[in-house]
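Please keep the sequence and the model in view while reading.

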Amino acid sequence: VGSVRCLIYRVLREAINNVIKHANATEVVGEIIEKHHEMTLIVSDNGVGINDDEASALKSIKERTAYLNGEVKVQSNEGTTITVQIPRSELM
């Protein structure tokens with residue numbers, strides 16, 4: 001469980017670092033939603049957005065999420081939202 005928490009922390013840290021380095025955002029919001037079958041981590045900003053090439057470069061976030069059998073979604077429309085969904089079975 002400790003290593004799982006560490007991976008989730010690193011995903012969150014990387015997402016926030018990307019906002020700081022690249023987004024020129026004035027606001028970033030993080031949210032963790034826990035449901036019976038999954039945990040969802042959402043990081044949204046009001047920055048310049050991200051193009052498809054940059055979104056595919058989120059390598060460390062995608063690798064860590066894949067290790068937990070999770071999924072990463074990136075939306076960019078007047079800012080960027082990164083959504084990471086991880087099955088609860090991987091969190092135990």
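Q: Leaving aside its neighbours within four places in sequence, with which residues is T65 in contact?
A: Contact is taken as heavy atoms within 4.5 Å. Once neighbours within four places in sequence are set aside, the partners of T65 are V11, G70, E71, V72, V84 and Q85.

Q: What kind of model is this, and how are its residues numbered?
A: This is a predicted model, in which local features need pLDDT of at least 70 and side-chain atom pairs count only at pLDDT 80 or more, while totals for chains, interfaces and linings use all residues. Side-chain values use heavy atoms, with hydrogens and water left out, and residues are numbered along each chain, as its sequence is written, from 1.

Q: Is T65 buried or exposed?
A: T65 belongs to helix α3; helices (H or I, at least four residues) and strands (E, at least two) are DSSP runs, numbered from the N terminus. A residue is buried under 20% relative accessible area, exposed over 50% and partly exposed in between (1.4 Å probe, protein chains only). T65 has a relative accessibility of 2%, so T65 counts as buried.

Q: Which residues touch the most other members of the largest nonpolar core?
A: A nonpolar core is a set of buried Ala, Val, Leu, Ile, Met, Phe, Trp, Tyr and Cys residues joined through side-chain atoms within 4.5 Å. The largest such core has 14 residues, and those touching the most other members are I8, L68, V84 and I86.

Q: Which element gives the most residues to this core?
A: At least two residues of the core come from each of α1, β2 (38–45) and β4 (80–87). With five residues, the element that gives the most is α1.

Q: With which residues is V84 in contact, leaving aside its neighbours within four places in sequence?
A: V84 lies in strand β4 and is buried, its relative accessible area being 2%. Beyond its neighbours within four places in sequence, V84 is in contact with V11, M39, T40, L41, I61, T65, E71 and V72.

Q: How many of the eight residues of β4 are buried?
A: Strand β4 is mostly covered. Of its eight residues, the number buried is six.

Q: How many bridges join β3 to β4?
A: Two strands pair if DSSP finds at least two bridges between them. Strands β2 and β4 pair in the antiparallel sense over eight bridges, with E38 opposite P87 in β4. Strand β3 (residues 71–76) also runs antiparallel to β4, and E71 has Q85 as its bridge partner there. The number of bridges joining β3 to β4 is six.

Q: Which residue takes a positive phi in the hairpin of β3 and β4?
A: This hairpin has three residues between the strands. The residue with a positive phi, near 55 degrees, is E78.

Q: Where do E63 and K59 lie?
A: E63 and K59 form a salt bridge, with the closest N and O atoms 3.9 Å apart. E63 is partly exposed at 48% relative accessible area, whereas K59 counts as exposed at 54%. The two are four residues apart, about one turn of the helix, and both lie in helix α3 (residues 59–67).

Q: How far apart are the closest N and O atoms in the salt bridge of K73 and E71?
A: K73 is partly exposed, with a relative accessible area of 43%, and E71 is partly exposed at 41%. The closest N and O atoms of their salt bridge are separated by 3.7 Å.

Q: Which residues does V19 touch, not counting those up to four places away in sequence?
A: V19 lies in helix α1 and counts as buried at 9% relative accessibility. Apart from residues up to four places away in sequence, V19 touches N24, A25, V28 and D45.

Terms used. Salt bridge = Lys/Arg side-chain N within 4 Å of Asp/Glu carboxyl O.
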